[in-house]
Amino acid sequence: MKDTARIIVTTQCNRHCPGCCNESLKDIPRITISQLRDYRHIVITGGEPFLLGDGYLRELIFRLCDQNEEQYIYLYTADLKLRRHHSVLSLID
């Protein structure tokens, strides 16, 4: 089994942090959910993943879990109001 896949779900971000590398990201390869099946750890990141909406992130996590229940799923975010995203946070490791 492969170790870690970092998936950039969006390059959009509302934080505009100095030194952010998102503006330099280009030509990010597109992958399918099935290509992530053999990874032990999945890191969902961006930009800011929560800008895509909780529904999108829940669906992504459900689809990942459906194909491999033994995966650990992490989410990197800079959103400071995490309490409003309980429905997503309860699904990740």
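Tutor: Helices, H or I runs of at least four residues, and strands, E runs of at least two, are DSSP runs numbered from the N terminus. The structure to be discussed is a predicted model.

Student: Which pattern does the chain follow when read along the sequence?

Tutor: The chain has 2 helices and 3 strands. Taken in sequence order, these elements give the pattern β-β-α-β-α.

Student: What is the radius of gyration of the chain, and what does the globule rule give for 93 residues?

Tutor: The C-alpha trace spans about 35 × 30 × 20 Å along the principal axes of the chain. For 93 residues the globule rule gives 12 Å, and the chain comes close to that value, so it is as compact as a globular protein of that length. The radius of gyration itself is 13 Å.

Student: In which order do the strands form the open sheet?

Tutor: The edge strands, each pairing on one side only, are strand 1 (2-10) and strand 3 (72-75). The twist from one strand to the next averages 20 degrees. With parallel pairing, the 3 strands form the open sheet in the order 1-2-3.

Student: Which residue in strand 2 is the bridge partner of Ile8?

Tutor: Strand 2 covers residues 39-46 and pairs with strand 1 in the parallel sense over 7 bridges. In strand 2, the partner of Ile8 is Thr45.

Student: What percentage of the contacts with a separation of 6 or more is accounted for by residues 24 or more positions apart?

Tutor: A contact here means heavy atoms within 4.5 Å. Among contacts in the chain with a separation of 6 or more, the share from residues 24 or more positions apart is 81%.

Student: What percentage of the 93 residues in the chain is buried?

Tutor: The chain exposes about 6500 Å², of which carbon and sulfur atoms supply 48%. A residue counts as buried when its relative accessible area is under 20%. Buried residues make up 33% of the 93 residues.

Student: Which residue forms a salt bridge with Asp79?

Tutor: The count of salt bridges comes to 1. The rule asks for a side-chain nitrogen of Lys or Arg within 4 Å of a carboxyl oxygen of Asp or Glu. Here the closest N and O atoms are 3.2 Å apart, and the partner of Asp79 is Arg84.

Student: Is Asp79 buried or exposed, and is Arg84 buried or exposed?

Tutor: The cut-offs are under 20% relative accessible area for buried and over 50% for exposed. Asp79 has 16% relative accessibility and therefore counts as buried. Arg84 has a relative accessible area of 53%, so Arg84 is exposed.

Key:
Residues numbered from 1 in each chain as written. Predicted model: local features only at pLDDT ≥ 70, side-chain atom pairs only at ≥ 80, totals over all residues. Heavy atoms only, no water. Pairing = 2+ DSSP bridges. Axes fitted to C-alpha atoms, helices over the stretch in contact; angles between N-to-C directions. Rg over C-alpha atoms; globule rule 2.2 N^0.38 Å. Buried < 20%, exposed > 50% of the residue type's maximum accessible area, 1.4 Å probe, protein only. Areas by Shrake-Rupley, 256 points an atom, 1.4 Å probe, with all protein chains shown as cover.
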